[in-house]
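Please look over the sequence and the structure shown here before reading on.

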Amino acid sequence: MNYEDIKNAMADLEEDDLLDYMNEVMESGEGVNEAVNAMQEGMSEVGARFESGEYFVGDLIYAGELMAGAMDILKPALAGDSGSKVGRLILCTVKDDLHDIGKNIVRAMLEGAGFEVLDLGIDTPVEKIVETVKAENIHIVALSGVLTLALDSMKATIDGLAEAGLRDSVKVIIGGAPVSEEACKNVGADEWAYSPQKTVDTCREWAKLFA
Ligand code: B12
């Protein structure tokens, strides 16, 4: 499989080609992670074309639908074959951010790794996260966001957990385009990740702490 073709099909919004490539990946039974990475690179190009004025919001919406459709094809391979549940966690896109493609990929990977994921959706208010942590006795919270301002919402969420006296009993991992080591420190999270695999590995380690 030529992953450059996948990247280009995503960037050029070529639906038929992209879906054909996904089916090829599934038939070959390998390269699923590489295909996801290639689509993500294509998405970065979509973002760059949006910034330069070549693409419009309608193209972003279409790109989002395309990637979601492509992910539906890959999902069975991402879901893995883990039997027993290794832990429960909250996953959501933070307040004021409506992007959920990355979150849904992370969800598929976590579920495949055996986690029960309480997916609180997009634009998630701090209070809803705090309430769910309390009500469901949750020890791992995974926050997603791709807008720069998502970092403020992540900080507000972590501050909210601290104000509710829950910070010491909850580990927080953040992810998404604006997230970095520095951002992790600034918002007060315990860990950050770009790759869904690192997310899964980190959450597995944390689940053992609270088992
Ligand atoms: C598709 C898209 C949309 C779609 C979203 C559809 C959907 N259902 O999600 C729609 C059209 C709705 C949209 C809307 C907007 N968008 Co938009 N969008 C994008 C685009 C093209 C792709 C985002 C994406 O899905 N990437 C692919 C996924 C797989 O990557 P990811 O999210 O980073 O996730 C991966 C990792 O980060 C990680 N990860 C993700 N979450 C988590 C969580 C945890 C815990 C962990 C550990 C890891 C992790 O794992 C994932 C898989 O590897 C980006 C451009 C870009 N380069 O990203 C712009 C972009 C994010 N959008 C942008 C903008 C400006 C907007 C709008 C304001 C546009 C407008 N004028 O209305 C609105 C904002 C609405 C809002 N309030 O949120 C800007 C953000 C600028 C900024 N720095 O803040 C970008 C960067 C485009 C640009 N270059 O200008 N958008």
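Helix α3 gives the largest share of the shell around the ligand, namely seven residues. The elements that contribute two or more residues to this shell are α3 (32-51), α4 (57-78), α5, β3 (140-144), β4 (171-175) and α9 (196-209), where helices (H or I, at least four residues) and strands (E, at least two) are DSSP runs numbered from the N terminus. This is a predicted model, in which local features need pLDDT of at least 70 and side-chain atom pairs count only at pLDDT 80 or more, whereas totals for chains, interfaces and linings use all residues. Residues are numbered from 1 along each chain as its sequence is written, and side-chain values use heavy atoms, with hydrogens and water left out.

Of the 36 residues around the ligand, those that come nearest are E51, L98, H99, D100 and T148; a residue is near a molecule if one of its heavy atoms lies within 4 Å of it. Sorted by class, the shell holds 21 nonpolar, 11 polar and four charged residues, with Ala, Val, Leu, Ile, Met, Phe, Trp, Tyr, Cys and Pro counted as nonpolar, Asp, Glu, Lys and Arg as charged, and the others, Gly among them, as polar.

## Close N and O atoms at the ligand

A polar side-chain atom of H99 lies 2.7 Å from a nitrogen atom of the ligand. From the backbone, an N or O atom of I101 is 3.4 Å from an oxygen atom of the ligand, and a polar backbone atom of Y194 is 3.3 Å from an oxygen atom of the ligand.

A search of the whole structure finds 13 salt bridges, a salt bridge being a side-chain nitrogen of Lys or Arg within 4 Å of a carboxyl oxygen of Asp or Glu. In one of them R88 pairs with E136, and the closest N and O atoms are 2.7 Å apart. Because R88 lies in strand β1 (residues 87-93) and E136 in helix α6 (residues 126-136), this pair ties together parts that are 48 residues apart in sequence. R88 is partly exposed at 32% relative accessibility, and E136 is partly exposed as well, with a relative accessible area of 33%; here buried means under 20% relative accessible area, exposed over 50%, and partly exposed in between (1.4 Å probe, protein chains only).

D123 forms a salt bridge with K95, with 3.8 Å between the closest N and O atoms. D123 lies in the loop between β2 (115-119) and α6, and K95 in the loop between β1 and α5 (101-112), so the pair ties together parts that are 28 residues apart in sequence. D123 is partly exposed, with a relative accessible area of 29%, and K95 counts as partly exposed at 33%.

## A further pair and a network

The side chains of E191 and K198 also meet in a salt bridge, at 3.4 Å from N to O. E191 counts as partly exposed at 23% relative accessibility, and K198 as partly exposed at 32%. Elsewhere, salt bridges that share partners join K103, R107, E111 and D119 into one network.

## A buried glycine

G176 lies in the loop between β4 and α8 (181-187), and this residue is buried, with a relative accessible area of 17%. G176 and G145 are 31 residues apart in sequence, yet 5.1 Å apart in space from C-alpha to C-alpha.

How values were computed:
Polar contact = N/O pair within 3.5 Å; in protein donor to acceptor, adjacent residues only side chain to side chain.
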